[in-house]
Amino acid sequence: MNIIVTDSPEQAFSKAADMIACVVLHNPHPVLGLATGRTMERIYRLLVKQYETSALDFATTTSFNLDEYVGLAPTDPNSYRHYMQEHLFAHVNIPTSQIHVPNGIAADLDLECDRYEATIEKAGGIGLQLLGIGETGHIGFNEPPSAFNSRTRVVHLDDITRRQNSGMFGNDPTCVPAHALTMGVGTILEARKLLLVAVGTGKAAIVDKALNGPLNENVSATAIRLHPDCTVILDDAAASIWKNNSSNTINSMS
Ligand code: F6R
């Protein structure tokens, strides 16, 4: 695993955006696995900037988002499909037909999960999967416990996650949908490359658990250590506890 620690969140976002841009630039048909949340907003802003100011071209890119709330239509302002439109898709030239987000209002949610897995496979698998990390240690919405071989499925969201994500729902955790569709840990581990990004002191304890703690289905982010090509980008604050506890070599960036 390659762990990069930057002096500032801005440097972490910039390094992550450059890694994504590199995959888009150097593959004839890039397949990106995308995430949502506060961390990703600034990475997407940088990608939009690169699209506007340089030769970054998404015309042949296919994307698969990690997750979606159950019960929210793609047009719902709180849906992840809408988030992606607002933060990335509306501003770059990725064709709509190449965008995939699980459908949280599908009549048969289990069937939707199977369809999603099949669509990823048909696209040749995910080249680069972008990940954040939640307070519960989730990647995607793989709440504790999530089997390391789990696939795309319906999950119940942890109360901690509903509180973490309540900002978009009037700061009322009970207004955050209780269920979501998420790629499984096993689905995520099949991506050819993983890129996890975390910034801020609020993430320091869970980052330490993910990188230093025992491999554990109660902290699904520990699974990334099983992947042969995984990069973790942290700012100094998110790395602070891990650094103190770790004997690992750190690649520092300034
Ligand atoms: C959302 C997702 C989640 C978030 C995580 C961190 O698509 O996959 O795992 O990445 O909850 O969210 P922020 O960045 O808001 O702290």
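Helices (H or I, at least four residues) and strands (E, at least two) are DSSP runs here, numbered from the N terminus. By that count, the protein has eight helices and eleven strands.

A quick word on ground rules. This is a predicted model, with local features requiring pLDDT of at least 70, side-chain atom pairs counting only at pLDDT 80 or more, and totals for chains, interfaces and linings using all residues. Numbering runs from 1 along each chain as its sequence is written, and side-chain values use heavy atoms, leaving out hydrogens and water.

**Overall shape.** Along the principal axes, the C-alpha atoms fill a box of roughly 50 × 45 × 35 Å.

**The ligand.** Surrounding the ligand are 14 residues, the closest being T36, T39, D67, H138 and K203 (near means a heavy atom within 4 Å). That shell splits into three nonpolar, eight polar and three charged residues; Ala, Val, Leu, Ile, Met, Phe, Trp, Tyr, Cys and Pro count as nonpolar, Asp, Glu, Lys and Arg as charged, and the others, Gly among them, as polar.

| Residue | Part of the residue | Distance |
|---|---|---|
| R38 | polar backbone atom | 2.8 Å |
| H138 | polar side-chain atom | 2.7 Å |
| K203 | side-chain N or O atom | 2.6 Å |

The protein covers 97% of the 420 Å² of accessible area that the ligand has on its own (Shrake-Rupley, 1.4 Å probe).

Most residues other than glycine have a negative phi, and most peptide bonds are trans. Two spots are worth a look. P144 and P145 are joined by a cis peptide bond, with omega about -15°, and P145 lies in the loop between β6 (128-131) and β7 (153-156).

Terms used:
Polar contact = N/O pair within 3.5 Å; in protein donor to acceptor, adjacent residues only side chain to side chain.
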